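Let's take a friendly walk through a protein fold, one piece at a time. Have the chain in view as you read.

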Amino acid sequence: MDARIQENRQLHRFELPISKGLFAAAYYRMEDGRIVLFHTEVPSEFTGRGIGSCLAQGIFDLLRASGRKAILRCPFMSRFFANHLDYLDVIAG
């Protein structure tokens, strides 16, 4: 698995390549200059392997590095954040 998160601005999602053209994705929309994360998908054959957590961590690291903030409307991202409060500086509301 390629651990590099890519932002696909055209499709409004962050992507984590997994294998052979498959990827996990977190979808977002922009609101008042902030990224609203509203849905996360991991291919069913790869669930339970920590891929979603790897995606979330990569997104939060990317947002931190770029100085952007996120609003969490995705239940998965909210649960990840609840267990990783060291990303408090990345969350807006």
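In which sense do E2 and E3 pair, and over how many bridges? E2 and E3 run antiparallel to each other and share six bridges. Here, strands (E, at least two residues) and helices (H or I, at least four) are DSSP runs, numbered from the N terminus, and two strands pair if DSSP finds at least two bridges between them.

Before going on, a word about the model: it is predicted, with local features needing pLDDT of at least 70 and side-chain atom pairs counting only at pLDDT 80 or more, while totals for chains, interfaces and linings use all residues. Residues are numbered from 1 along each chain as its sequence is written, and side-chain values use heavy atoms, with hydrogens and water left out.

**Strands and turns**

Back to the strands. Glu15 has Ala25 in E3 as its bridge partner. Two residues lie between the strands in the hairpin of E2 and E3, where Lys20 has a positive phi near 45°. On its other pairing, E2 meets strand E1 (residues 6–8) through three bridges, again antiparallel. In that pairing, Asn8 is opposite Arg13 in E2. The E1 and E2 hairpin has four residues between its strands, and His12 in the turn shows a positive phi of about 55°. E2 itself is mostly covered, with five of its seven residues buried.

Buried means under 20% relative accessible area, exposed means over 50%, and partly exposed lies in between (1.4 Å probe, protein chains only).

| Residue | Relative accessible area | Class |
|---|---|---|
| Thr40 | 17% | buried |
| Cys54 | 25% | partly exposed |
| Arg68 | 18% | buried |
| Cys74 | 3% | buried |

Thr40 sits in strand E4. Setting aside neighbours within four places in sequence, its contacts (heavy atoms within 4.5 Å) include Ala25, Leu55 and Cys74. Arg68 is found in the loop between H1 and E5.

**The core**

A nonpolar core is a set of buried Ala, Val, Leu, Ile, Met, Phe, Trp, Tyr and Cys residues joined through side-chain atoms within 4.5 Å. The largest one has 25 residues, and Phe14, Phe60 and Leu63 are among those with the most contacts inside it. Elements giving two or more residues include strand E2 (13–19), helix H1 (51–66) and helix H2 (75–82). H1 gives the most, with six residues.

**Rings and cysteines**

Rings of Phe, Tyr and Trp (its six-membered ring) pair if their centres lie within 6.5 Å; planes under 30 degrees apart count as stacked, over 60 as edge-to-face and the rest as tilted. The whole structure has four aromatic pairs. Phe80 and Tyr87 have ring centres 6.4 Å apart and planes at 35°, so this pair is tilted.

How many disulfides (cysteine sulfur atoms within 2.5 Å) does the structure hold? It holds zero. The sulfur of Cys54 is 15 Å from the closest cysteine sulfur, in Cys74, which is too far for a bond.

Terms used. A disulfide is a pair of cysteine sulfur atoms within 2.5 Å.
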